[in-house]
Amino acid sequence: MWRWFHRLGSPRWFYQTSGRWLPWLAVLTLALLVIGTLWGLAFAPEDARQGNSFRIIYIHVPVSFLALAGYYVMAVAGAVNLIWRIKLADMVMTAAAPLGAALTFLALFTGAIWGKPTWGTYWVWDARITSMLVLLFLYLGVVVLRNSFSGRDTAGKACAILALVGTVNIPIIYKSVDWWFTLHQPATIKLSGAPSMHPDMFKPLLVMILAYYCFYALVLILNTRTEILHRERRTAWVNDLAVSELAVTELTSNEQ
Amino acid sequence: MTEALRTPASQQAVQERLPPELLPPGEGFVGILKRDLLLAFRHRGELANPLIFFIMVTALIPIAVGPQKALLSQLAPGMIWVMALLGTLLSSDSLFQSDYADGTLEQLIISPQPLWLLVLAKISAHWLVTGLPITLAAPILGLMLALPEAGYATLVLGLAMGTATFSLFGAIGAALTVALRKGGVLLSLIVMPLYFPVLIFGSAAVQRVVDGGSAGAPLALLGAVFAFALLLSPFATAASLRAGING
Amino acid sequence: MAFAALGFERDDVPLFDGLSGAVAAGDILQIAGGNGSGKTTLLRILSTALTATEGSLHWRGIALALQRAEYLADLVFVGHSPGIKLALTPRENLSWLARLYPVREQDIAEALVRVGLAGLEDVPCRTLSAGQQRRVALARLVIARATLWILDEPMTAIDQDGVALIEELLRAHAEVGGAVILSSHQALNIDGVRVLDLAEYACHD
């Protein structure tokens with residue numbers, strides 16, 4: 001068990017294994033994305049009240065899910081680094097922070113686009129939107145903090161602590177924002193009709209959620225691989241890798 | 001131990017010494033609390049800065065939005081809370097900065113006393129010299145912003161817990177950024193999201209009382225957030241200091 | 001105090017490796033090495049301000065991790081900076097420090113006289129010279145009950161009398177069964193000082 005754990009913690013092992021799985025994951029992601037998008041945009045029925053504009057949920061909802069899940073991925077990676085001092089975990093965390101921030105921004109952005117035809121305005125101080133905004137702030141804090149340190153190990157520890165503090169605070173923040181919203185705006189607007197959705201609308205959404213989870217995993221792995229190469233650039237195995245890649249490039253260019 | 005000390009040095013040369021007994025943990029807490037209060041007293045010129053900031057910026061609000069009493073009294077609860085947040089946040093930056101610069105922070109970290117307790121002493125001192133004055137000055141600002149009479153008691157009670165929570169969370173940020181040169185702005189960025197619940201419950205409590213309701217629920221929730229911060233912050237701050245001190 | 005196979009690397013750049021040593025009662029161990037050889041890093045690891053990448057630390061025969069508080073109560077560390085508050089007087093500084101560590105029942109005033117600060121007890125440290133500020137830090141050695149002293153470049157900014165004072169303090173401490181680990185560029189005028197040269201453990205090549 002422990003040998004397996006430590007082998008998993010080896011950046012080199014991760015790089016080589018993920019390299020084998022990567023093409024399959026990429027194909028799966030692409031297939032799911034194409035199916036989900038076509039199904040959602042072309043075949044799902046139009047919404048009775050919102051018309052075609054509701055179709056943005058096929059991006060908005062999966063992205064919102066991942067924005068929150070991504071924070072936990074980041075925090076767990078940070079905790080693993082903090083407790084077991086596994087460098088790979090810190091690399092995953094480094095890769096997850098900007099990715100999560102981008103997804104959160106995308107969730108806010110698609111929400112704003114959706115809001116314009118639905119409520120006639122891009123921005124509403126709604127509980128979910130506000131929570132999403134706070135989540136974006138939490139992500140930005142981690143990203144900015146990491147970039148401020150000159151020492152990488154220290155940056156990793158500091159960011160891990162911040163992410164963990166953020167994690168235990170997220171439920172409190174979300175609940176307080178919910179409370180605040182019901183206080184100021186008695187529930188007149190119901191944001192999304194997700195639970196009462198028609199199955200024909202819901203099935204493509206499920207496909208899209210699955211597609212975005214795969215997409216998240218794919219991008220996270222790619223980012224982590226880049227981070228591994230960058231940090232391990234002085235090691236022998238990365239140099240060997242670079243030499244062999246170079247040889248392949250030369251070979252193919254010679255053939256042409 | 002005391003016996004070993006009393007024997008002449010020549011007789012017990014190169015003899016294994018007994019370890020000293022540990023001090024009770026409260027000693028360090030009292031020592032650091034006293035020290036920081038004394039330091040604040042020595043720098044009493046700077047002591048008033050957050051308070052003056054708090055009052056001056058609040059005075060800007062009527063200038064910016066106009067002197068209509070109805071408008072001001074509607075804005076008052078929220079504005080006073082935002083200003084109290086900013087006043088505490090600005091001073092959080094200095095919580096560990098000077099200790100880091102003169103090497104005393106290192107002494108705290110390697111002291112046999114539990115670090116979280118020493119950190120709690122520093123946070124308590126910080127609250128006593130920033131949060132408490134702001135809390136006590138808040139009624140004056142309430143007058144300036146035409147806060148309805150019913151709101152004062154709730155405002156002071158809420159601010160007492162709220163500014164303490166600000167100090168507690170601010171300490172985590174201050175510890176994480178202690179070795180960074182431009183820590184001040186960064187500190188605000190990383191702790192601001194943690195302040196949302198405090199601001200929500202605090203200003204809602206005042207608003208409710210002003211509107212003729214009861215402030216019990218939001219004040220209780222504010223107290224819960226404060227208790228949570230009190231549990232979390234000393235340990236998180238201690239861990240952050242151990243990590244952050246190495247730049 | 002014993003340390004074995006200590007290694008330290010910062011951001012994957014190793015500083016030293018396989019470093020071992022020990023001090024017993026009455027020992028004075030001088031850490032030698034050029035600039036950047038890791039003297040301060042080693043002393044900070046030994047004082048637990050920093051964690052080693054690999055290796056083990058033992059105190060009185062027991063792993064240090066199991067008895068951190070006991071070890072720290074038995075240690076005085078004087079680092080690069082004096083570790084005192086400049087706005088406070090020497091007396092005030094020692095009295096807050098005395099609440100962190102077990103101290104002798106000796107008067108703080110006596111300790112300050114011992115390190116040559118008689119008459120300056122109640123002057124803010126800000127107005128003292130760099131050498132005098134270091135002497136305030138040295139007064140901690142006098143009041144502390146600790147067995148192990150770790151000193152990082154104690155001779156910095158200190159005059160000839162001060163060097164003599166430090167040597168006298170070290171000698172007296174060793175005689176009563178204390179142990180000292182210090183880093184210094186200069187050779188010490190004390191008999192029986194052992195030297196650990198960090199150059200032998202460096203990872204540059």
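How many residues from chain B and from chain C does the contact take? It takes 44 from chain B and 41 from chain C, with contact meaning heavy atoms within 4.5 Å. This is a predicted model, where local features need pLDDT of at least 70, side-chain atom pairs count only at pLDDT 80 or more, and totals for chains, interfaces and linings use all residues. Residues are numbered from 1 along each chain as its sequence is written, chains are lettered from A in the order in which they are written, and side-chain values use heavy atoms, leaving out hydrogens and water.

**The B–C interface**

- About 3,700 Å² is buried between chain B and chain C, and carbon and sulfur atoms give 56% of that; buried area is the accessible area (1.4 Å probe) that two parts lose on being put together, summed over both.
- On the chain B side, B:Arg17, B:Gln107 and B:Ile110 lose the most area to chain C, together 20% of what that side buries.
- There are 5 salt bridges between chain B and chain C (a side-chain nitrogen of Lys or Arg within 4 Å of a carboxyl oxygen of Asp or Glu).
- B:Asp99 pairs with C:Lys85 in a salt bridge, with the closest N and O atoms 2.4 Å apart.

**Helix α6 of chain B**

- Just after α6(B), B:Gly103 has a positive phi of about 85°.

Conventions: Helices (H or I, at least four residues) and strands (E, at least two) are DSSP runs, numbered from the N terminus.
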